[in-house]
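Please read this briefing with the model open beside it.

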Amino acid sequence: MKFTGTRSDCAVDSAFAIASGLAADGGLFVPQSFPVFTAEEFAAMADMDYCQRAAAVLEKYLTDYTADEIKYCVEGAYKGTFDNDYPAPVVDIADNRRMLELWHGPTCAFKDLALQLLPYLLTTALKKTGTGREAVILVATSGDTGKAALAGFADVKETRIIVFYPRDGVSDMQKLQMTTQKGGNVAVCAIAGNFDDAQNGVKAIFTDDEMKKFLLDNNMEFSSANSINFGRLVPQVVYYVSAYCDMLKDGSLKAGEEFNVVVPTGNFGNILAAVYAKKMGVPVKKFICASNRNNVLTDFIRTGVYDRNRPFHTTESPSMDILISSNLERLLHMLSDGNCELVAGLMAELKNSGRYEIPANMLEKLQQEFYGTWCDDAAGAAEIAEIFKAQNYLCDTHTAVAVAAGKAYRKETGDETLQLIASTASAYKFAPAVLAALTDEALADDDFEKLEKLSQITGTAVPAPLANLKGDAVLHKECINKEDMASFIKGKLV
């Protein structure tokens, strides 16, 4: 298996793609072809545990890793780190809907599924590429990626990790998770701006010649823990394959029977992983892309015009408060049949004018498989209340957006096909908003009292990783302008 770039052709091994994170021209690495599982292979995987399924997927893409290396990576990531050693359970919530719960890991969010595995994939890749340099993991986060990456890379030898987050664009609990992070190789800093400011700054630094020279002079090299790194994306493919296998095993689906996937979407990585799973033979009928008020993806799916020149909204689903969805570039490459020149042109248009429009044939392909819709905070809160009242099921603000999108799709199309809804975070990470949806009672100012209150009124337990934050010292207090990100990095590395 070789990987190419979205903006220019190349042929590199997976270890190079994972170690580099980003192609030299700023493009993203994508597989040159997609391996396909047979019906017999899916049937066999239905009886496997999660580690075995992960290894089965990874060995199709990471063909320059040995079987023993892949086993070491997946067992290190998934054994003993997730509730009941079951990283991504599928739960029936009635009305022919299933929740794919992706928040049973150490930071209570879906990013754990990838970011517990990435440090193993990356350190193995660095040994294979043989540069001998220390890896500097550079991360921009809208909330969950930052903590999950910090948890995964803290004190990992021969790595350093620097995380930037928007000062006013994450929940209090997300911020506390990041700013209390221990580790001799970690740095965390707020940006006086939004997530797109942080993400654009990180992308620019990756390709800055002066910064590249600085790193070389200090025997270091950049890599990424954001979903621009294929090492972040392939573990996400695993949980869609695993969910299909679980539904085959419990009788929810027959072999080859189609289902719809509903994903609360910001940077487009999570839903793109479902697209890759379909390429591997998972029978997904429709991808329902759920957005909040920052509905740039909804408009793109409906019109073919991507336009980030619009107001930026800070919402109760902050991990989706994004106007530039980086992983969409990988889908454009796929929709254009690998036309790197076209993709590079679209990305240049986005950088220069903030918008682009895809050709009619690409839009037709997009709309055949995707449905886009959005809802605001009030509609999301109504879904939190309704699903708890009807099913005694507690969901967070992002998952509620997906639930609303699934309903909107059914109402508009009449398609009652089984829906697999990606539940991306524990409700306790967004306790104030979830409480406000469930009760009119006045709430205490203390965040941990809100956790306890949510536990009391729902009869559910506060996740240990969040409860254990109480009393932890805030270690990372800096806030800078986006123009100062490069200086901050240099100051932390020397």
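In this predicted model, the lining of the largest pocket draws at least two residues from each of helix 9 (195-206), helix 14 (328-335) and helix 15 (340-353). The largest share, four residues, is supplied by helix 15. Helices (H or I, at least four residues) and strands (E, at least two) are DSSP runs, numbered from the N terminus.

As the model is predicted, local features need pLDDT of at least 70 and side-chain atom pairs count only at pLDDT 80 or more, while totals for chains, interfaces and linings use all residues. Residues are numbered from 1 along each chain as its sequence is written, and side-chain values use heavy atoms, with hydrogens and water left out.

**Pocket and cavities**

- On a 1 Å grid over the protein atoms alone, a cavity is a set of points where a 1.4 Å probe fits but cannot get out, whereas a pocket is an open set with protein on both sides within 12 Å along at least five of seven lines; lining residues have an atom within 4 Å of a point.
- Grid points are joined across faces, edges and corners, and a volume is the space filled by probe spheres set on the points.
- The largest pocket holds about 560 Å³ of space; it is lined by 21 residues, of which R7, N200, K203, M347 and K351 are the closest to its centre.
- Two cavities of 30 Å³ or more are found when the whole structure is searched, and the largest cavity has a volume of about 270 Å³.
- The lining of the largest cavity comprises 27 residues, with F110, K111, G266, N267 and S319 the closest to its centre.
- Helix 7, helix 11 (230-249) and helix 12 (269-279) each contribute at least two residues to the lining of the largest cavity, and the largest share, three residues, comes from helix 12.

- Two strands pair if DSSP finds at least two bridges between them, and an open sheet of five strands is arranged in the order 8-5-6-7-15 with parallel pairing.
- Strand 8 and strand 15 (479-480) stand at the edges with a single partner strand each, so one side of each is left without a neighbour in the sheet.
- Helix 22 (residues 485-493) packs on this sheet and touches strand 5, strand 6, strand 7 (186-191), strand 8 and strand 15, its direction making about 150 degrees with that of strand 6; axes are lines fitted to C-alpha atoms, for helices over the stretch in contact, and angles run from 0 to 180 degrees between N-to-C directions.
- Strand 5 (residues 134-140) has six of its seven residues buried, where buried means under 20% relative accessible area, exposed over 50%, and partly exposed in between (1.4 Å probe, protein chains only).
- Strand 5 runs parallel to strand 8 (residues 220-224), to which five bridges join it; L138 stands opposite S224, and the bridge partner of I137 is S223.
- Six bridges join strand 5 to strand 6 (residues 159-166), again in parallel, and V136 stands opposite R160.
- A right-handed β-α-β unit is made by strand 5, helix 7 (residues 144-153) and strand 6; right-handed means that, with the strands pointing away from the viewer, the path from the first strand over the helix to the second runs clockwise.

**Helix 6 and L121**

- Helix 6 (residues 118-129) lies across strand 5, strand 6 and strand 8, running at about 145 degrees to strand 8.
- L121 lies in helix 6 and counts as buried because its relative accessibility is 0%.
- Leaving aside neighbours within four places in sequence, L121 is in contact with I18, L58, L62, Y65, C73, G231 and V234, where contact means heavy atoms within 4.5 Å.

- Six strands form an open sheet of mixed pairing in the order 3-4-14-9-10-13.
- Strand 3 (90-92) and strand 13 (370-374) are at the edges, each with a single partner strand, so one side of each is left without a neighbour in the sheet.
- Strand 9 (residues 259-264) and strand 14 (residues 419-423) run parallel and are joined by three bridges, with I421 the bridge partner of V262.
- Helix 13 (residues 296-303) packs on the sheet, touching strand 10 (284-291) and strand 13, and its direction makes about 140 degrees with that of strand 13.
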